Amino acid sequence: MLPVVDKPAIQYVVEEAAAAGLSDILVVTGRNKRALEDHFDRAYELEELLARKGDKDRLTRVQESARLANMHYVRQGDPKGLGHAVSVAEQHIAGQPFAVLLGDDLIDPRDPLLSRMIEVQQELGGSVVALMEVDPSQIHLYGCAAVKPNGFGEDVFRVTDLVEKPDTADAPSNYAVIGRYILDPAVFDVLRETEPGRGGEIQLTDALRELAQRDESAGGPVHGVIFKGRRYDTGDRADYLRAIVRLACEREDLGAEFRSWLREFVTTEMQD
């Protein structure tokens with residue numbers, strides 16, 4: 001629910017999923033997350049007040065979040081890692097490939113990563129992860145993929161191995177796994193057998209490592225889509241601030257005024 005300009009981060013993620021054609025969305029929540037569910041529900045009292053005032057613009061914005069998709073919720077219970085969070089969604093999936101979008105990773109809507117990943121999964125089967133090249137000194141912050149070409153476009157590779165947050169010297173590449181996945185439902189069977197890994201948590205990376213060794217008849221393989229677009233990590237304080245500035249600068253209703261103020265701020269106050 002961390003606000004980015006004037007919307008919570010989770011709304012950007014739901015908007016991304018809806019733009020890619022995903023209309024049925026399950027949010028895995030935990031304790032004290034009721035505000036998240038309320039955000040995507042109708043606010044009848046506020047809507048009625050805005051309607052009486054004739055404030056159509058604000059009324060549309062208030063109603064927007066409730067109209068994005070069919071929203072469902074399930075509680076994770078114990079926070080045992082991303083793999084465990086994915087596993088609690090099994091009954092909702094009904095044996096179909098599904099997307100996983102992490103709430104602290106925002107992808108600029110002008111860079112349609114999710115649509116490309118869905119296309120790759122539909123063509124090649126298995127699971128698909130989003131990869132981004134990072135400085136080798138930063139690879140220890142991410143899951144890391146070893147890859148090889150597979151002949152399906154310059155941005156798509158076969159993933160041959162995955163390591164969760166490796167030491168820089170042990171990393172098989174500088175391709176980091178970022179928070180977008182298209183998963184084959186076979187991942188649930190693997191997760192049931194996956195022991196807690198790094199940090200004592202059930203790591204999705206470990207389950208995907210197993211699927212990467214399989215062929216399509218057994219739920220594999222794993223493909224990687226290289227993303228070179230704009231990504232904002234709201235889990236990092238500095239990148240969170242950068243995301244607000246970038247997105248505010250590009251807004252039609254805010255951009256011109258905000259950019260003017262920002263130029264003045266940088267050229268004057270920042271010189272002191």
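Is A94 buried or exposed? I looked this up before anything else, in what is a predicted model. A94 has a relative accessibility of 61%, so I recorded this residue as exposed, the cut-off for that word being over 50%.

**Entry: backbone angles**

I noted a general point before reading the angles. Most residues other than glycine have a negative phi. A94 is not a glycine, yet I found a positive phi of about 60 degrees there. I placed A94 in the loop that connects α6 (90-93) with β5 (98-101).

I then turned to K165, which is likewise listed with a positive phi, about 45 degrees, although it is not a glycine. K165 belongs to the loop between β9 (156-164) and β10 (175-183). Its relative accessibility is 33%, and K165 therefore counts as partly exposed.

**Entry: strand β11**

I next examined β11, which covers residues 222-226. Five of its five residues are buried, and I described the strand as mostly covered. In general, the side chains of a regular strand alternate between the two faces of the sheet. I checked each face of β11 in turn. V222, G224 and I226 lie on one side, H223 and V225 lie on the other, and all are buried.

Which strands pair with β11? I found that β7 (residues 127-133) runs parallel to β11 and is joined to it by five bridges. Within this pairing, V128 has H223 as its bridge partner. On the other hand, β9 and β11 run antiparallel, with three bridges between them. Here V156 stands opposite V225.

**Entry: residue D111**

I looked up D111 in the loop between β6 and α7. Leaving aside residues up to four places away in sequence, D111 touches F227, G229 and R230.

**Entry: the second largest pocket**

I finished with the second largest pocket, whose volume is about 560 Å³. Its lining consists of 24 residues, and those nearest the centre are Y12, E15, D108, P109 and R110. The elements that contribute two or more residues to this lining are α1 (9-19), β6 (105-107), α7 (113-124) and α10 (237-250). Which element gives the largest share of the lining? I found that α1 does, with five residues.

I also sorted the lining of this pocket by residue type.

Key: Residues numbered from 1 in each chain as written. Predicted model: local features only at pLDDT ≥ 70, side-chain atom pairs only at ≥ 80, totals over all residues. Heavy atoms only, no water. 1 Å grid on protein atoms, 1.4 Å probe; cavity = no way out; pocket = protein on both sides within 12 Å on 5 of 7 lines; lining within 4 Å. Points joined across faces, edges and corners; volume = space filled by probe spheres on them. Helix = DSSP H or I, 4+ residues; strand = E, 2+ residues; numbered from the N terminus. Buried < 20%, exposed > 50% of the residue type's maximum accessible area, 1.4 Å probe, protein only. Contact = heavy atoms within 4.5 Å. Pairing = 2+ DSSP bridges.
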